[in-house]
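This report describes one protein model.

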Amino acid sequence: MKKNILLIGGSYGIGLEMAKKLSKDHQVYVASRSNNELSGMDVTHISFDALTEDISEKAIPEKLDGFVYCPGSINLKPFKTMGVDTIQNDMEINFIALAKTVKSIINRMNEGSSMVFFSTVAVGTGMPFHTSVSAAKGAIEGFARALAAEYAPKVRVNVIAPSLVDTPLSERLLSNDKKKEMMAERHPMKRVGNSADIANMATFLLDSDNSWITGQVIGVDGGMSSLNVS
């Protein structure tokens, strides 16, 4: 049976990969600021800015079976040189806009529906220069667990915590072959992630066949969070 799945920010990177996979079997709504990469795909695009707009005022279905929030940021700076505005901006795009959007659509979620959010490996494993993004993503993890408890068994809520993934968001960190090689060597699997690695897990969590999974933070990180092979 086709499901209604809403992706916030599904026009590039991981979100775009998800849209490609999910649109084969489901009705996918992509709410994002741009839609250049969606041309020719069997999805419904909704012009939407998570920072400034309310998704409930857009033409989305009355009932949803899946919801994924993709917008995020990667601001890696020494804390001593970081302005408070960086922390505020990271919190706004990663967490506040997420919470606001969830607030607007939670009553539309069907029985047995699933929500998927994104964190980072750096929440559970302290890493230099990650103070701002770790704080924002840590808020997501706490929010997701509490939300999962509050809405069980009707709605499942899970979080994926990736390590570095080769997407437009991380292009500054992977801008040449030397950087890519160095980042790959940091991971036990000796490569950085790709969009499909993360989209595969998100699709898995949305699937009702996996309905006994909720309140989890799942690492898809090439072993970074749990293995030391150096």
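## Packing of H2 and H4

A crossing is called right-handed if the near helix is turned clockwise from the far one by less than a right angle, and left-handed if it is turned anticlockwise. In this predicted model, the crossing of H2 and H4 is right-handed. Helix H2 covers residues 84–105, and its axis comes within 8 Å of the axis of H4, with a crossing angle of roughly 20 degrees. Angles under 35 degrees count as roughly parallel, and H2 and H4 are therefore roughly parallel to each other.

On the H2 side, the contact is made by Thr86, Ile87, Asp90, Met91, Asn94, Phe95, Leu98, Ala99 and Val102. H4 contributes Ser132, Val133, Ala135, Ala136, Lys137, Ala139, Ile140, Phe143 and Leu147. By class, the residues of the contact of H2 with H4 comprise 13 nonpolar, three polar and two charged.

## Packing of H1 and H6

H1 packs against helix H6 (residues 195–206) at an angle of about 55 degrees, and the two axes are 8 Å apart. That angle makes H1 oblique to H6. The crossing of H1 and H6 is right-handed.

From H1, the residues in the contact are Gly13, Ile14, Glu17, Met18, Lys21 and Leu22. Their partners on H6 are Ser195, Ala196, Ile198, Ala199, Asn200, Ala202, Thr203 and Leu206. The contact of H1 with H6 consists of eight nonpolar, four polar and two charged residues.

## Backbone features in two loops

Phe129 lies in the loop between H3 and H4. Although Phe129 is not a glycine, its phi is positive, at about 70 degrees.

The loop between H4 and strand E6 (155–162) holds Pro153. The peptide bond that leads from Ala152 to Pro153 is cis, with omega near 0 degrees.

## The largest pocket

The largest pocket contains about 1,000 Å³ of space. Its lining is made up of 45 residues, and those nearest the centre of the pocket are Cys70, Gly72, Ser73, Ile74 and Leu169. The lining divides into 26 nonpolar, 15 polar and four charged residues.

Several elements supply at least two residues each to this lining: helix H1 (13–22), strand E2 (27–32), helix H3 (121–124) and helix H4 (131–151). H1 gives the most, with three residues.

Methods
Residues numbered from 1 in each chain as written. Predicted model: local features only at pLDDT ≥ 70, side-chain atom pairs only at ≥ 80, totals over all residues. Heavy atoms only, no water. 1 Å grid on protein atoms, 1.4 Å probe; cavity = no way out; pocket = protein on both sides within 12 Å on 5 of 7 lines; lining within 4 Å. Points joined across faces, edges and corners; volume = space filled by probe spheres on them. Helix = DSSP H or I, 4+ residues; strand = E, 2+ residues; numbered from the N terminus. Nonpolar A, V, L, I, M, F, W, Y, C, P; charged D, E, K, R; others polar. Axes fitted to C-alpha atoms, helices over the stretch in contact; angles between N-to-C directions. Parallel < 35°, antiparallel > 145°, perpendicular 65-115°, else oblique. Contact = heavy atoms within 4.5 Å.
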